[in-house]
Amino acid sequence: MRYLAAITAACALVFCAAPALAVEELSWGDLVPPDAQPLIGLPQPTHDLASLADALSEEEFGDPAVQSQPDAPVVAALDGREVKLPGYIVPLGIDPDGSVSEFLLVPYFGACIHVPPPPSNQIVHVRSARGIELAELYQPFWVSGAMQVEHVESDLANAGYRIANADVEPYTY
């Protein structure tokens, strides 16, 4: 009887703790503190690559090498939370097997490459659990893992967040 009571208690503990382990799906707006200035003037996400050149003109968005807010305010409450966030991959290097496992996750295609990098609170530095093939980098992805509120500098842009050992999967519409 004691054995059965112990198993029941253990199961109850697991089921009660399960919601704490749930992955929270975020949008990019969730990475900006409510009292921070709105992100006015940033390019909107584009999925039509044929119109990309027109949408990302230097006259409209400035020098693609200059990040507008490299130390933008972050949401401290996200630290340590299991999250899932959609975005585009900007590689920081290529692994020996030709895949990418360290990258910046950004909210729109071309960020950090064709247009100025978004504010640091709109960039997540990611190390993935598995490499992503270079040919796949033009599509959006879901990235999930434990969010760290941490300032990370790279040659392309500063990030306000980090996810290590992330799971990466293609974004489905």
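This report walks through the overall make-up of a predicted model and then some of its side-chain contacts.

## About the model

Because the structure is predicted, local features need pLDDT of at least 70 and side-chain atom pairs count only at pLDDT 80 or more, while totals for chains, interfaces and linings use all residues. Residues are numbered from 1 along each chain as its sequence is written, and side-chain values use heavy atoms, with hydrogens and water left out.

## The chain as a whole

Let's start with the overall layout. The chain has 3 helices and 6 strands, and their order along the sequence is α-β-α-α-β-β-β-β-β. Here helices (H or I, at least four residues) and strands (E, at least two) are DSSP runs, numbered from the N terminus.

Of the 173 residues in the chain, 38% are buried. Buried means under 20% relative accessible area, exposed means over 50%, and partly exposed lies in between (1.4 Å probe, protein chains only). The accessible surface comes to about 9,800 Å², with 57% of that belonging to carbon and sulfur atoms; such areas come from the Shrake-Rupley method with a 1.4 Å probe, and for residues only the protein chains shown count as cover. Among contacts with a separation of 6 or more, 72% are between residues 24 or more positions apart. A contact means heavy atoms within 4.5 Å.

## Aromatic rings

A search of the whole structure finds 3 aromatic pairs. Rings of Phe, Tyr and Trp (its six-membered ring) pair if their centres lie within 6.5 Å; planes under 30 degrees apart count as stacked, over 60 as edge-to-face and the rest as tilted. One of the pairs is F109 with Y138, a tilted arrangement at 6.0 Å centre to centre and 40° between the planes. F109 sits in the loop between β3 (99–106) and β4 (124–133), and Y138 in the loop between β4 and β5 (141–153), so this pair ties together parts that are 29 residues apart in sequence.

F109 counts as buried at 10% relative accessibility, whereas Y138 is exposed at 56%. Ring pairs also bring in Y88, giving a cluster of Y88, F109 and Y138.

K84 lies over the face of W142, 4.7 Å from the ring centre. A charge sits over a ring if NZ of Lys or CZ of Arg is within 6 Å of the ring centre and within 35 degrees of the ring normal.

Leaving aside neighbours within four places in sequence, S144 is in contact with V83, K84, I163, A166 and D167. S144 is buried, at 13% relative accessibility.

## Two glutamines in one loop

Q67 lies in the loop between α3 and β2, and Q69 is in the loop between α3 (58–61) and β2 (82–91). Q67 is buried, with a relative accessible area of 13%, while Q69 is partly exposed at 34%.

The side chain of Q67 has a polar atom 2.9 Å from the backbone oxygen of P118 and reaches the backbone nitrogen of N158 at 2.8 Å. A polar contact is a pair of N or O atoms within 3.5 Å; within protein, one must be able to donate a hydrogen and the other to accept it, and residues adjacent in sequence count only if both atoms are side-chain atoms. Not counting residues up to four places away in sequence, Q67 touches P117, P118, P119, S120, I123, A157 and N158. With the neighbours within four places set aside, Q69 is in contact with P119 and S120. The C-alpha atoms of Q69 and N158 are 8.8 Å apart, although 89 residues separate them along the chain.
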